[in-house]
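Please examine the sequence and the model below before reading on.

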Amino acid sequence: MSVQRIEVLGVPVDVCPPEELGQELLKILEKPGAKQIVFLSVWDLLKARNKKKDFGDCLKNADLVLPISKSIISGARFTKAEHIPVRYNPFDATIQMLSVLDQYYKTLFLLGGRKKTLQQAERNVHGTFPNLRIVGRYVGYFPRDTEENVVTAIHKASPSLAILSEGIKEKNLWAYRRREKFSDSIFLFYRDCLGIFSKRVKRVSERTFEKGLEIWSEIAHNPFKIFYIFPFISYILLLVWCRLFKKKSNAQQNSEKIETVEEIKDDLNS
């Protein structure tokens, strides 16, 4: 099965079985120019809808959009999408991608985090994936006047994969807005990646993730995220509206088909 692209509330989402992720990664690597893989949360989906044209364009141009929120899968199922996507745990997916790159002796660039976090993450990645060559690294939270140096470093290193983590303010848009300045690299933004690799950040447990309750751990670290309840309610309402509109649209199409059949019968009888 090849990767299928669907839309959830007008936002692109890819249906990619986990067992095919490695092969899909290698296919993307063969494409010319800068490429991008996006881990899509329900909050990102809403951001893409809410007049964030550049982010919407970023998703449309991304080579792979992998849903990481249970709500996106439920939304696709509720609106009766043609194909139902598979939900990805961003940590497991990243490990799977690094394993494939390690198997094929590819290269990696790490961007983000503080100095100690980045150094420890690099050591741990090298110890886990010995065939994966790290061709560059740069800390996050860098001042604007050094950005050109960062871009030049990535361009010259031309890594197979560049992982962007904490400290990159524009997140997925950082690579997208500068894509013309890069060569043949894949870019992936995963905020907690370097923190987890350095063991300074505890990743969400498999059990919590499977239940779709990872938001509560985020709220525990930042209580203001409790207000995410309001955009989530708007997401539910949008799904209901989409479902109702789709039903009306299908009913109208069926009515038109019936009328067309009747017209054909009348023409044949005349």
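Is Arg203 buried or partly exposed? In this predicted model, Arg203 has a relative accessible area of 32% and is therefore partly exposed, since the buried class ends under 20%. Its salt-bridge partner is Asp92, with the closest N and O atoms 3.9 Å apart. Because Asp92 belongs to helix H5 and Arg203 to the loop between helix H9 (193-197) and H10, the pair ties together parts 111 residues apart in sequence. Asp92 is likewise partly exposed, at 31% relative accessibility.

The whole structure contains 12 salt bridges. One of them joins Arg87 to Glu214, whose closest N and O atoms are 2.8 Å apart. This pair also links distant parts of the chain, Arg87 in the loop between H4 and H5 and Glu214 in helix H11, 127 residues apart. Both Arg87 and Glu214 are buried.

Glu214 leads on to the largest pocket: together with Trp43, Arg191, Glu218 and Lys225, Glu214 lies nearest the centre of this pocket, among 41 lining residues. The volume is about 1,500 Å³. Helix H11 supplies 7 residues, the largest share of the lining. By class, the lining comprises 19 nonpolar, 11 polar and 11 charged residues.

The second largest pocket holds about 220 Å³ of space. Its lining includes Glu147, Glu170 and Arg178. Arg178 and Glu170 form a salt bridge at 2.7 Å, N to O. Arg178 is buried at 9% relative accessible area, whereas Glu170, at 25%, is partly exposed.

Key: Residues are numbered from 1 along each chain as its sequence is written. This is a predicted model: local features need pLDDT of at least 70, side-chain atom pairs count only at pLDDT 80 or more; totals for chains, interfaces and linings use all residues. Side-chain values use heavy atoms; hydrogens and water are left out. On a 1 Å grid over the protein atoms alone, a cavity is a set of points where a 1.4 Å probe fits but cannot get out, and a pocket is an open set with protein on both sides within 12 Å along at least five of seven lines; lining residues have an atom within 4 Å of a point. Grid points are joined across faces, edges and corners, and a volume is the space filled by probe spheres set on the points. Helices (H or I, at least four residues) and strands (E, at least two) are DSSP runs, numbered from the N terminus. Ala, Val, Leu, Ile, Met, Phe, Trp, Tyr, Cys and Pro count as nonpolar, Asp, Glu, Lys and Arg as charged, and the others, Gly among them, as polar. A salt bridge is a side-chain nitrogen of Lys or Arg within 4 Å of a carboxyl oxygen of Asp or Glu. Buried means under 20% relative accessible area, exposed over 50%, partly exposed in between (1.4 Å probe, protein chains only).
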